[in-house]
Amino acid sequence: MAAGAPLITFEKVWKSYGQGEARVHALAGVDLAIKRGEFVAIMGPSGSGKSTAMNIIGCLDTPTAGTYSFMGVDAGRLDRNRRAMLRNLYVGFVFQGYNLLARTTAAENVELPLIYRGVANRERRDLAMQALAQVGLVGREHHTPAELSGGQQQRVAIARAIVTRPTLLVADEPTGNLDTARTHEIMELLTKLNKELGLTVTMVTHEADVAEYAERTIRFLDGHVASDSMNMETA
Amino acid sequence: MIWETVRLSLRSIRRNVLRSFLTLLGIVIGVAAVIAMLTIGSGTTQKVKADISKLGSNLLVVRSGRPASPGGPGGLDQVVRPLAEKDLAALVAHLTGARAISPASQKQVRVIFGTESLTSGVTGTDSAYLDARDWKLVSGRPFSDSETRSGTGVCLIGETVHQQFFGAGDPEGEIIRVNRTSCKIIGLLEPKGYTGFGQDQDNVVLMPLHAYQRRIAGNRDIDNIYIAADDSTPTSELQPRVEDILRDARRMTPDRESDFAIRDMTQIADAMASATTTMTGMLGAVAGVSLLVGGIGIMNIMLVSVTERTREIGIRLAIGAHEKHILIQFLVEATVLSLLGGIIGILIGLGLAGLAAATLTIPFAPSPAVILLAVGFSALIGMVFGFFPALRGARLDPIDALRHE
């Protein structure tokens, strides 16, 4: 990858579902570039294509036409297992519903991506502890999700996302289930990770005040990028 | 990684204890049935073989009447001419290759001592009988030739009779009543236990043939003649000789069918053992069907498990699990489940077989090969029936799986 080249590039990306008359275009020729270390909020009404774009960015999905390149790799043409490998090595996911494994301790949840990486038991534990410390959850390692509050569960999910030291964090409405106070805590945590670790963050949200934490906001509408603007410094 | 997966599957099995147990039940019952059947079966085969060799593995038994034909027992038209002493005498005089030749007539008769009584198998015979049957005395002595000839009221008793009348005491010299006659006990037979058919071989009284004929049977007939071949003569060689001598003694013209039958105990032993083996195999196969049913149970529950955990699969796929990781996870879970069932089944099956062995007094003969096979087979069932559900889980689309409620 050439120096200064974007981390993520969409070139005329289409994503279509269905056949013939019923064919629907979730993305209709999107061009987009996101650089390393950016914090991007992606907004738009439901059906605008923002979730589809996020799935492609996170290498969960592939475009129907056009090119999606991630770290200079044509990720849109990779098979399932290679994309799984990319996700495991470079992408961390945070979801609205936390998506932690129930009846599994915080530490074990955080260790999960490392298992698929084949990291040894002890090292896994150490890395999980570090990640939990980074999200401010020391002392809660052995709690199961049911024993943690929503904000704490989302912190565990973030720890799980960053335990592999990813390049990109994909957050899908990370504060959608949280109250205002918790929302700000989580957003400050994401901002800190973006600043301190240089982690690239792409975040889907439909709350304007949440989007303000990002440096840049991309709005989707009907499968197109409707606007793409740098946010004013909110200091 | 594999250890991790095994631990994971154990946890998921423990999470649904009741459901896992019910799923296991099919495999448990199947394996227990197969193990119990095969273990009891091989014990029975051993027992039958041992019993028959106790009868004397190189033994011919002659009795009157036509040999049993495929049409059933001897026809009505035929008047059975019993064996007589002259037949025995002819064999003793002319048969070569025999170690012992002995007559035996038998009847179930009430035996009384003091106030105790017992229905016992009373046999009238001579001093060669112990040799022919390969029976031994624990104490006392066999009949003397003169006692045999004159039909003196003396007898040898088996262990069951001994226990019933004397407990642990010494029976020698005591007088017991057999039917309406009395006889003096002169020896105690070595215990032989039960036959494979549940017959007590120690509930016996032996007395001289003449005493038996005169005082119990009331005739001069001989029911059976036992002929033990010597070590260098196979029974198959001895049999035609016996037939020739007897036909001659009984003055039978060549156009007539023999009116006596010669049974070769070796053949019977083989037939018996193979019958038992066939029976065991068939029962084992029936039990095997329940294993198949158990396997379908596992498949069913694994499909439920995959559906229930669709979201979990989505998470795992999203954070970088490959298809094969998910496949292995569920395969291992199914295998651990059915292996667990197999092991429990083996323990229960062996327990049942042990119980049966104790009750039926057959040897407890667990076969390591059968146990190993059962372990392997139950693991295989888990893999085979777990494969389809596991594949279904592994093929899930991570986006759909994450959206699953």
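**Salt bridges in the model**

Arg220(B) and Glu85(B) form a salt bridge in which the closest N and O atoms are 3.8 Å apart. The two partners come from distant parts of the chain, 135 residues apart: Arg220(B) is in the loop between helix H7 (209–217) and strand S9 (224–229) of chain B, whereas Glu85(B) is in helix H3 of chain B. The term salt bridge is used here for a side-chain nitrogen of Lys or Arg within 4 Å of a carboxyl oxygen of Asp or Glu. Helices and strands are DSSP runs numbered from the N terminus, a helix (H or I) having at least four residues and a strand (E) at least two.

The model is predicted, and local features need pLDDT of at least 70, side-chain atom pairs count only at pLDDT 80 or more, and totals for chains, interfaces and linings use all residues. Residues are numbered from 1 along each chain as its sequence is written, chains are lettered from A and ligands numbered from 1 in the order in which they are written, and side-chain values use heavy atoms, with hydrogens and water left out.

How exposed are the partners of this pair? Arg220(B) is exposed, with a relative accessible area of 57%, while Glu85(B), at 28%, counts as partly exposed. Buried means under 20% relative accessible area, exposed means over 50%, and partly exposed lies in between (1.4 Å probe, protein chains only).

The side chains of Arg81(B) and Asp259(B) meet in a salt bridge of 3.3 Å, N to O. These residues are 178 residues apart: Arg81(B) is in the loop between strand S1 (59–64) and helix H3 (85–94) of chain B, and Asp259(B) is in the loop between helix H8 (235–249) and strand S10 (260–264) of chain B. Arg81(B) is partly exposed, with a relative accessible area of 32%, whereas Asp259(B) is buried at 8%. Arg81(B) and Asp259(B) are also members of a network of salt bridges that includes Lys86(B), Asp87(B) and Arg250(B).

Arg241(B) and Glu237(B) meet through their side chains in a salt bridge (3.3 Å, N to O). Because Arg241(B) and Glu237(B) are 4 residues apart in helix H8 of chain B, about one helical turn separates them. An α-helix has 3.6 residues a turn, so residues three or four places apart point the same way. Both partners are partly exposed: Arg241(B) has a relative accessibility of 26%, and Glu237(B) has a relative accessible area of 41%.

Over all chains, a search of the whole structure finds 29 salt bridges. Of the interface between chain A and chain B, the rule finds 2 salt bridges across it. One of them joins Glu323(B) to Arg80(A), with the closest N and O atoms 2.8 Å apart.

That pair leads to the interface itself. There, 25 residues of chain A are in contact with 26 residues of chain B, contact meaning heavy atoms within 4.5 Å. The two chains bury about 2200 Å² between them, and carbon and sulfur atoms give 55% of this area. Arg80(A), together with Asn99(A) and Tyr116(A), supplies 31% of the area that chain A buries against chain B, more than any other three residues. Buried area is the accessible area (1.4 Å probe) that two parts lose on being put together, summed over both.

How many residue pairs between chain A and chain B are in polar contact? The count is 12 residue pairs, both residues being at pLDDT 80 or more. A polar contact is a pair of N or O atoms within 3.5 Å; within protein, one must be able to donate a hydrogen and the other to accept it, and residues adjacent in sequence count only if both atoms are side-chain atoms.

On the side of chain A that touches chain B, helix H2 (80–90), helix H3 (106–115) and helix H4 (121–134) of chain A each supply at least two residues. H2(A) gives the most, with 6 residues. The residues of this side divide into 12 nonpolar, 6 polar and 7 charged. Here Ala, Val, Leu, Ile, Met, Phe, Trp, Tyr, Cys and Pro count as nonpolar, Asp, Glu, Lys and Arg as charged, and the others, Gly among them, as polar.
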